[in-house]
Amino acid sequence: DVKANDWLVPATKRHLEWLTTEDVFDRYPETEWQKAFLVTVESSGSSFVISCREYDSRIQELTPVTTRTTQDVRSIASMATQLVRDAFRPCVLYQRSFEDETGRKFMEMQVQAGEIPPPDPSAEQVVEYDVLRPFVRQMNRREPEKLDKLLRLDLSYIRVMAVDRENVPGLVKGFFITHSPYSPFGGKGRAIQHLAVRQRPAADQSKVRLVLQGRPDKPLVSHRLALAYQLHWKDEEDGPQTKLVSDRNGEVVISTNPDHPTFWIRVYSGSSLLARVPYAPGLIPSDTIELPDDSIRLGVEGEVQLLADELIDAIALRAVLMARARKTAEAGDVPQLESLFERYDQVPAKDYFLEKVNNVRIPAVREANEKRLGTSRIRELCDGLQSTVNLFFSDDKRNERQIEIQQLKAMADAKAKATGN
């Protein structure tokens, strides 16, 4: 059904780019339309610019604008048709999950209206290595046609591994990729629809902004990124990683890779791995990735470093005092030796440092749990320093030092008596 547009005024590419979902939501309700294609034609000098956007009412989303230019007025119609074909995002419906002979989990999905193959191979709806973006629709139980909640599964994708073109045309075998330990996609439940849309890159790169989770006003500046080319993050990597660094706005430009439509982004804060997320560049020209708050770990890292410095100073001071005590004992200066041992006893030791470590660990773990953040790195930092403290203040070393102190005292007394002091 093709209708002249009387509300998109002026009908230009720029106006089409300015459109938001709210502008078209009420105009194209799901009860009447599943897809709407907005096409504009404008003159630019001696050329004509044809632009197109697709709106899908089921996922309430507009595609990026695609554009073509021609100087032949007779080709406008054919170009507009090609743009509509390219902008079309077929819907793929979830059917089941299964394991293959190697034990890997896959999904079986059916392309909606995909039973009849198109005569033009370039118009095939879904092909191998395409990327599907999953959505979960929670429908009203009393009114099954009414949508209650739409779940957008950001940073989750389905890689198309195989398409059946003979036995069951339109049947797709896909591999689900997500950073989340649990995903509602493919789960059981009443009045829940699991679907995905095939979306191909609209650009050869994406500008990605890294921000703090729940704080879009807090960009993550100068964070290192490593692009690992692998289907699953546990798989062997296919080739060397690509290294990137976010700028002062927390932004980084990620280019598409024809051989790897999806890959894994590893984000580092200092030397620590902050997050590991899958990504498919080019689908959304400007994107935002929310990453967990790392301020707690950074605070713990700073406190642990200060304690480590204090530990090193304490160990060095104890060594210096013992060296002076040996010389003093040889000289038979008993009062000076006693003074050195009093200072030695005042130097912070094992119990002091263990208490300090716990004072860092306990509140940090509690705060991380309250914010539902991981605590493994916090525990690792504190456990590492605790192990170092136990190593330097082991029972064997303490016993050896006590025996040496008694020997030095006996030596000083004997020297003092021999010299008559």
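Which residues does T40 touch, not counting residues up to four places away in sequence? Hold that thought for a second, everyone. This is a predicted model, where local features need pLDDT of at least 70, side-chain atom pairs count only at pLDDT 80 or more, and totals for chains, interfaces and linings use all residues. Residues are numbered from 1 along each chain as its sequence is written, and side-chain values use heavy atoms, with hydrogens and water left out.

Okay, back to T40. Its contacts (heavy atoms within 4.5 Å) are L8, A11, T12, K13, L16, V49, I50 and S51. You'll find T40 in strand β1, residues 35-44; helices (H or I, at least four residues) and strands (E, at least two) are DSSP runs, numbered from the N terminus. T40 has 1% relative accessibility, so it counts as buried, meaning under 20% relative accessible area with a 1.4 Å probe, protein chains only.

Next up, R159, in strand β9, residues 156-164. R159 is buried too, because its relative accessible area is 6%. Among the residues it touches are Y129, D130, K173, F175 and P261. E380 sits 221 residues from R159 along the chain, and their C-alpha atoms are 35 Å apart.

Now, the helices. Take α4, residues 295-331, and α5, residues 334-346: they pack at about 165°, with axes 9 Å apart. Axes here are lines fitted to C-alpha atoms, for helices over the stretch in contact, and angles run from 0 to 180 degrees between N-to-C directions. So α4 and α5 are roughly antiparallel, which is the word for angles over 145 degrees, while under 35 is roughly parallel. On the α4 side, the residues that meet α5 include R318, L321 and M322, and on the α5 side they include Q336, L337 and F341. Sorted by class, the α4 and α5 contact has eight nonpolar, two polar and three charged residues. Nonpolar is Ala, Val, Leu, Ile, Met, Phe, Trp, Tyr, Cys and Pro; charged is Asp, Glu, Lys and Arg; the others, Gly among them, are polar.

How about α4 with α8? That pair packs at about 25°, axes 8 Å apart, so α4 is roughly parallel to α8. From α4 we get M322, A325, R326, A329 and E330, and α8 brings R401, E404, I405, L408, M411, A412 and K415. That contact has seven nonpolar, no polar and five charged residues.

And what is buried in α8 itself? E404, I405, L408, A412 and A416. The cover over those buried residues includes α4 and α5.

Conventions. Parallel < 35°, antiparallel > 145°, perpendicular 65-115°, else oblique. Buried < 20%, exposed > 50% of the residue type's maximum accessible area, 1.4 Å probe, protein only.
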